[in-house]
Amino acid sequence: MEDLTAKALCHGGDWSDLYFENTVYGDLLLKDGQVTSGGLHTDFGAGIRVLSGEKTGYAYSENTEMKDMEAAARAAAVIASGSAPAAGNEGFCVNVSGPGHTGGMLYPMEHPWASAEVSALLPFLEKLQERIYALDSRAVKIIARLSYSQSDIMMFNSCGELTCDTRPLGSVTASVIFNDKGRSENKTVSRSFRCGAEMLTGEMLEEMAAEAVKGIDDRFAARRPKGGKMPVVMGAGASGILLHEAMGHAFEADFNRKGQSVFSDKMGKQVCNPGISIIDDGTLMKNRGACTFDDEGVPGQKTYMVKDGILTSYLHDRISARWYGVSPTGNGRRESFRFNPIPRMRATYMESGEASPEDIISGVSKGIYVDEFSNGQVKIGEGDFTFYVKSGYMIEGGRLGAPVKDINIIGNGPQALADITCIGNDLRIDNGTWTCGKDQSVAVSCGIPTVLVKSLTVGGE
């Protein structure tokens, strides 16, 4: 590894690192009680990066033969060459608790996925389907999927830092189609954790089945409401996607370093009401976004992006941390050894406030309550966002009224953040299969307590 990092710096350069990965992936799909697909494969290789001034060179090898890795090192060196070196390793090195420090504390495994037998996993999906059918006779089609992986990671860099991590990830999804007198509705529920096959418990099965049929009567009765600007109450849990898309991406340091984020000039300034704190956290036990180490070998940590209404930190990888003269926050993440690490979120959430959800709703004379989203889009530079809402309710006279569906919530991230006027005491992290795509895909999670945004545009009739 020392030879490889030296060869990677053969054309100069400030810093180089190596990322070795061995991942076992498994997948099992059950459709209407029949196994329709399944697979098991291994991904193995090494990525080599060279940083030289503002230039990054990256190449990878799909094996660890020395000649092939040396070729990748030389390729990365050539890509990064031509930029005047800055100050060598200075600013790139961090304390990783000593060479060879091994992670794994955040995601222990009782039953490792790498040794799991499909015959032992299939009954969970079968029972989940049976339970959903038993709870609601209108369920006419169910697709249940189990996907899992176990990654052994080793990282080394020209500072001499060596880190290792074994990362499990298991995900279960159930997509259900309901039919009532010729009308159809659908609902998808999911759970994802960084642990072994011990996650497949009877308790989780019952929770998912109950969630799959919850609110289906209201789905069939729901209508599109009249649109316009109005107060919006966002339910605890999955509404955290608002933080992820409309604010979290704008706090990632690469966007800010390049002046592309609406928050680029807001560091140290008040961006929302006092009492609001927004966190990106890599330390939640067994959480989908947990990172004992990020993909640059930086220890995972809990980062306050906003503390009591003040923007206090961006989300940094080693490159942006060096540029800003701060410590990296453990947000350098990548999809696999084939990708260069960039600043990415982990588990993004807002801390609880003091109000009860009931009091928040009762304080709204006319508005809308939303609790389930399917997707969203945001313009990082302007902060404008649009979210598609699968379900919610009108609020009339301080009470939940008619169910609504198929609406868009439209707003501006900084303005929506400033317009949060009440925060519930019910923070909930949503443990669904959230995946963030920013040129590459990584597992994340999100959460939020019930919050009131005093004015957003609701796209309806």
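User: Which residues of α6 are buried?

Analyst: In this predicted model, helix α6 covers residues 241-248 and is mostly covered, with eight of its eight residues buried. Buried here means under 20% relative accessible area, exposed over 50% and partly exposed in between, with a 1.4 Å probe and protein chains only. Helices are DSSP runs of H or I with at least four residues and strands are runs of E with at least two, numbered from the N terminus. The buried residues of α6 are I241, L242, L243, H244, E245, A246, M247 and G248.

User: What should I know about the model and its numbering before going on?

Analyst: The model is predicted, so local features need pLDDT of at least 70 and side-chain atom pairs count only at pLDDT 80 or more, while totals for chains, interfaces and linings use all residues. Side-chain values use heavy atoms, with hydrogens and water left out, and residues are numbered from 1 along each chain as its sequence is written.

User: Is S16 buried or exposed?

Analyst: S16 lies in strand β1, which runs over residues 15-31. Leaving aside neighbours within four places in sequence, S16 is in contact (heavy atoms within 4.5 Å) with T5, A8, L9, R49, V50, N157 and S158. A polar atom of the S16 side chain also lies 3.2 Å from the backbone oxygen of T5. With a relative accessible area of 0%, S16 is buried.

User: Where is S336, and which residues is S336 in contact with, leaving aside its neighbours within four places in sequence?

Analyst: S336 sits in the loop between β12 (332-333) and β13 (342-343), and at 6% relative accessibility S336 counts as buried. S336 and G47 are 289 residues apart in sequence, but their C-alpha atoms are 8.6 Å apart in space. Leaving aside neighbours within four places in sequence, S336 is in contact with Y19 and E21.

User: How many helices and strands does the protein chain have, and what is its radius of gyration?

Analyst: The protein chain has 10 helices and 24 strands. For 461 residues the globule rule gives 23 Å, and the radius of gyration is close to that value, so the chain is as compact as a globular protein of that length. The radius is taken over C-alpha atoms, and the rule is 2.2 Å times the number of residues to the power 0.38. The radius of gyration of the protein chain is 24 Å.

User: What share of the 461 residues in the protein chain is buried?

Analyst: The C-alpha trace of the protein chain spans about 70 × 55 × 35 Å along its principal axes. Among contacts with a separation of 6 or more, residues 24 or more positions apart account for 73%. Of the 461 residues, the buried share is 52%.

Methods:
Polar contact = N/O pair within 3.5 Å; in protein donor to acceptor, adjacent residues only side chain to side chain.
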